[in-house]
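The sequence and the structure come first, and the comments follow.

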Amino acid sequence: MTSIGIHDLSVATAHYVVDLTELAEAAGVPPQKYLTGLGQEAMSFPAPDEDIVTMGAAAALPILERHGTERIRTVLFATESGIDQSKAAGVFVHKLLGLPSGVRVVELKQACYSGTAALQLAAGIVARDPREQVLLIASDIARYQLDTPGEPTQGAAAAAMLVSADPALLELEPTTGIHTADVNDFWRPNDSTTAMVDGGLSLRAYLASLMGAWDDFHARGGAGFHTIERFVYHQPFTKMAQKAHARLSQHTSHAVSINALKGSLDYNRVLGNSYTASLYVGLAAMLDNSDDLAGRRVGLFSYGSGSVGEFFTGIVQPDYARHRRREATLAALEARHPLDIEGYRALHSAHTESSQDRETPHVTSAPFRFSGIQGQARQYEAN
Ligand code: HMG
């Protein structure tokens, strides 16, 4: 059988970074609540000329520079911060990246989960014709209202992946466990720029979904818990991954291994929730921060409120260390500009999803920018 999986993985984030100790102090909250209680130090925040398209294209660009475009026949764009009700964000990316016309492009939505649906669809496309590769982009900006409990769990990032036969990073194993249940834990109505959330319910729904997905995985003959050496979880905040792993260990009657999450929290802790990208940013962090993963089995849990969860596994490939992008990701995190609380609140309040014509100020130093709206249509350009 052809081996299929993630051949390349690249992460991009936003222009600004907000320090959560400063946010806590401004809110009159003990900083340890955010640092230890949520496991978050900082959050990425976009400039007015950035959005899911500019971050997604920035994440994908290095993949095309390394592998070319010849074998790419599909672009799947996963997001829950969609910028249009009809046109797929990936079509803008297709143009920015100069992809050929013989490429199908589509957008997928189901809260933070749709990147994983895209990965499974991509694996199917590659299985049908192993000459083809799929460019998968998961890109999101997590926005909650100011002065709400969700505020310190905002963030922004994109993860781009090349899914192919004979992957260099992670071979996907075919068994997956799925759990879908209609829950009103988190949603974003069409007339709101920020998410609605029932925080307590969302935590319970996440954990219930994990147990349901695991049980389905187990029932379908998935790998035993003891054979999975590392775990990567969807990370709305990094403490959630620790809670999830503790609960799954208990559910399967295993002790919690301290190494299980090693490295996987490092990027999310400083860039915040990136919804669809979060799990794959976690995977990049795990691969980047361990040199001894070759041949090891990794378990991944993807959760999207509302809700859909999926547990699946992959085997880290022998030469993965040569193909990862540690330096580039660290450089992107380092390049962010600190934004003080006054500036952050002003930008947050000024954010609009209005389609009125306007020009955006030139702020970002990313490779692509959102230049504004003309004739009610969004405009993008190389920077
Ligand atoms: P909250 O009510 O502000 O916080 O909301 P809390 O009172 O529950 O405290 C949080 C933690 O800090 C607790 O830890 C406290 O004990 C601790 P725990 O007991 O749970 O381990 N704490 C302290 N620790 C040290 N020093 C202190 C201190 N004070 C308190 N002084 C909540 C927290 C996560 C609910 C809120 O931030 C929220 O609503 N966030 C958004 C929703 C969310 O992230 N849900 C996660 C699961 S759903 C999901 O993952 C899907 C999602 O990504 C969206 C999608 O799918 O599209 C969100």
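1. Serine 307 is found in the loop between β12 (297-304) and β13; helices (DSSP H or I, at least four residues) and strands (DSSP E, at least two) are DSSP runs, numbered from the N terminus. A cis peptide bond, with omega of about 5°, joins glycine 306 to serine 307. In general, most residues other than glycine have a negative phi, and most peptide bonds are trans.

2. The model discussed here is predicted: local features need pLDDT of at least 70, side-chain atom pairs count only at pLDDT 80 or more, and totals for chains, interfaces and linings use all residues. Residues are numbered from 1 along each chain as its sequence is written, and side-chain values use heavy atoms, with hydrogens and water left out.

3. Alanine 111, in the loop between β5 (104-108) and α5 (114-128), has a positive phi near 45°. Its relative accessibility is 9%, so alanine 111 counts as buried; buried means under 20% relative accessible area, exposed over 50%, and partly exposed in between (1.4 Å probe, protein chains only). Tyrosine 275 also has a positive phi, near 45°, and its place is in the loop between α8 (268-271) and α9 (278-288). Tyrosine 275 counts as buried because its relative accessibility is 4%.

4. Strand β13 (residues 308-316) runs antiparallel to β8, and 8 bridges join them; two strands pair if DSSP finds at least two bridges between them. Within this pairing, glycine 177 has phenylalanine 311 of β13 as its bridge partner. Strand β8 (residues 170-180) is also joined to strand β1 (residues 4-13), by 2 bridges and again in antiparallel fashion. There, glycine 5 stands opposite glutamate 171 in β8.

5. Strand β12 pairs with β11 in the parallel sense, over 4 bridges. The bridge partner of arginine 230 is valine 298 in β12. In a regular strand the side chains alternate between the two faces of the sheet. In β11 (residues 230-233), Arg230 and Val232 point one way and Phe231 and Tyr233 the other way, and all are buried.

6. How many salt bridges does the structure hold? The total is 16 salt bridges, a salt bridge being a side-chain nitrogen of Lys or Arg within 4 Å of a carboxyl oxygen of Asp or Glu. One of them joins the side chains of aspartate 49 and arginine 369, at 2.8 Å from N to O. Aspartate 49 lies in the loop between β3 (42-45) and α3 (52-67) and arginine 369 in strand β16, so this pair ties together parts that are 320 residues apart in sequence. Both aspartate 49 and arginine 369 are buried.

7. Arginine 378 forms a salt bridge with aspartate 51, and the closest N and O atoms are 2.8 Å apart. This pair, too, links distant parts of the chain: arginine 378 is in strand β17 and aspartate 51 in the loop between β3 and α3, 327 residues apart. Arginine 378 counts as buried because its relative accessibility is 18%, and aspartate 51 counts as buried at 5%.

8. Strands β16 and β17 belong to an open sheet of 3 strands with the order β15-β16-β17 and antiparallel pairing. Its edge strands are β15 (358-359) and β17 (377-382), each of which pairs on one side only. Strand β16 (residues 368-374) and β17 pair over 6 bridges, and phenylalanine 368 stands opposite alanine 382 in β17.

9. In the salt bridge between arginine 131 and aspartate 129, the N to O distance is 2.9 Å. Elsewhere, salt bridges that share partners join Glu229, Arg230, Asp292 and Arg296 into one network.

10. Aspartate 340 lies in the loop between β14 (337-338) and α12 (341-350). With a relative accessible area of 45%, aspartate 340 is partly exposed. Together with Asp19, Glu22, Glu25 and Glu342, Asp340 forms a negative surface patch; patches are made of residues with over 30% relative accessible area and no salt bridge, like charges being joined within 9 Å and nonpolar side chains (Val, Leu, Ile, Met, Phe, Trp, Tyr) within 5 Å.

Notes. Areas by Shrake-Rupley, 256 points an atom, 1.4 Å probe, with all protein chains shown as cover. Lys, Arg positive; Asp, Glu negative; His and termini not counted. Charge placed at Lys NZ, Arg CZ, Asp CG, Glu CD.
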